[in-house]
Amino acid sequence: MWRVATVVGLHDETATARTITLTLPNWPGHVAGQHVDARLTAPDGYSAVRSYSIASASNSKNQIEITVERLPNGEVSPYLTQELAVGDQLELRGPIGRWFVWSTEQREPIQLIAGGSGIVPLMAMIRSRVATPTRGNPPFRLLYSVRAPEAIFYRDDLQAIPSEDSSVVVNYAYTRTAPKDWPRLPGRIDKDLILSATWASSVAATFYICGPTGFVESVADLLGTAGNRRENIRTERFGPTGERK
Amino acid sequence: MAIISRGFSGRRSAAEAKLPPGQYLTTDFPVLSAGPTPHISLDKWEFTIDDRSKVLKRWNWKSFRELPTEKITVDLHCVTRWSKLDTFWEGVSLDTLLADITTDADFAFVHSYGDYTTNLPLDDLLNRKAWIAFRFDEEDLAPEHGGPARLLVPHLYLWKSAKWVRRITLTHEDQPGFWESLGYHIYGDPWREQRYSGDE
């Protein structure tokens, strides 16, 4: 079932990524980590559909946010990040997906690991966690790998996370440019960072890894080497393998 | 009634016309898996066919690779909406693997290394519609694409083409597999756009 969504807000996260706030009548609510299919139709009837992760906390308040990264040569993302205006309408289907999701009933510690725009579904989990600060909720950790400081999405929200109760601890890994005085040289997530910035395997946390294929493959292998059980590791990959052109 | 996006034209190509509804063309080979990629060494690899009560056939890598193979060029359609045309594979036909088996089962339940599962009617594995593929584009199949060997059932959405396949169980009932239990369609015909449970 396709629903008509109306754009009520636009916010640039980075030079290439935009968050779109949409209202949807009769939205049934979603679980953090789910996505929607968005359908655009051209004046001559041609249509294109793409899937986008929901960035906002689980709710049924008839409003969601998605964040779209503009892909070079993309068919839909340039339109969504550059042309779309407040008041425009588009069609959405969803919410979709029941595997890469975090429900507020889960009690085990959570480790989120994001590569680039892979932060989007993980941010929905963090926002859902922060929105339900009841005692006994599990501790979250986020390890967020970005090219450079200016590539961070949701900077204000991540900084505003209350630090006093350690409910969500955020670590960054900069792959190309780190802020001044950053203690780690720019580089990909490696064994040492997995050991220092993620839950020890003895904690039996659930891991959610989202990012480009090469990133997810590498991080999942490192987590396995660190002794984590594969059934505790959930992944969502996007993009090509990087090996074939 | 569709909502028209002013200023949106999209990109159409001649190849796009060959695609099932709602799909777009990619020349990459995206990877979608629910968990870490298992790495299976060939000396430990085995593939079996059973009927729940007993193993009917069993191959190790050596005996599997002694079977006759076929080279096939097929189109792939992923439920996440990308399609890739004219992909080139080498594999063993399920007709070959099932040739000596007499069964009145109607369905197949497919198990992978790493505990992935999927289900499909047995008829969809027969008559040159399905293979256990081990080479892609003239190279050994990479682990992230399902190597050493994966099921290849190109007439259904690609989640049915289980990566890292290790066992096929012949059954009388259509038992939902991994994605089929998580909101995806029980059959998954891309030409009928059977993406999610509830789709016609």
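**View 1. Strands β6 and β11 of chain B in a predicted model.** Strand β6 (residues 107-112) of chain B pairs with strand β11 (residues 165-171) of chain B in the antiparallel sense, over 6 bridges. Across this pair, B:Val110 stands opposite B:Ile168 in β11(B). Strands, and likewise helices, are DSSP runs numbered from the N terminus (strands: E, at least two residues; helices: H or I, at least four), and two strands pair if DSSP finds at least two bridges between them. This is a predicted model in which local features need pLDDT of at least 70 and side-chain atom pairs count only at pLDDT 80 or more, while totals for chains, interfaces and linings use all residues. Residues are numbered from 1 along each chain as its sequence is written, with chains lettered from A and ligands numbered from 1 in the order in which they are written.

**View 2. The open sheet of chain B that has the order β3-β2-β11-β6-β7.** The sheet has 5 strands and mixed pairing. At its edges stand β3 (55-60) and β7 (117-121) of chain B, each with a single partner strand, so one side of each is left without a neighbour in the sheet. Neighbouring strands are turned by 15° against each other on average, direction ignored; axes are lines fitted to C-alpha atoms (for helices over the stretch in contact), and angles run from 0 to 180 degrees between N-to-C directions.

**View 3. Strand β5 of chain B and its pairings.** Strand β4 (residues 70-77) of chain B pairs with β5(B) in the antiparallel sense over 7 bridges, and B:His77 stands opposite B:Ser83 in β5(B). The hairpin of β4(B) and β5(B) has 4 residues between the strands, and B:Arg81 takes a positive phi near 95° there. Strand β1 (residues 24-25) of chain B pairs with β5 (residues 82-93) in the parallel sense over 2 bridges; the bridge partner of B:Leu25 is B:Ser83. Strand β8 (residues 131-136) of chain B runs antiparallel to β5(B), joined by 5 bridges, with B:Trp131 as the bridge partner of B:Ser93.

**View 4. The two domains of chain A.** Domain 1 (3-96) and domain 2 (110-238) divide chain A, with bounds from an automatic or database domain assignment. Their C-alpha centres lie 24 Å apart. In contact are 13 residues of domain 1 and 13 residues of domain 2, contact meaning C-beta atoms, placed from the backbone, within 7 Å.

**View 5. The contact between chains A and B.** Here 29 residues of chain B are in contact with 35 residues of chain A.

Technical notes
Two residues are in contact if their C-beta atoms, placed from the backbone, lie within 7 Å.
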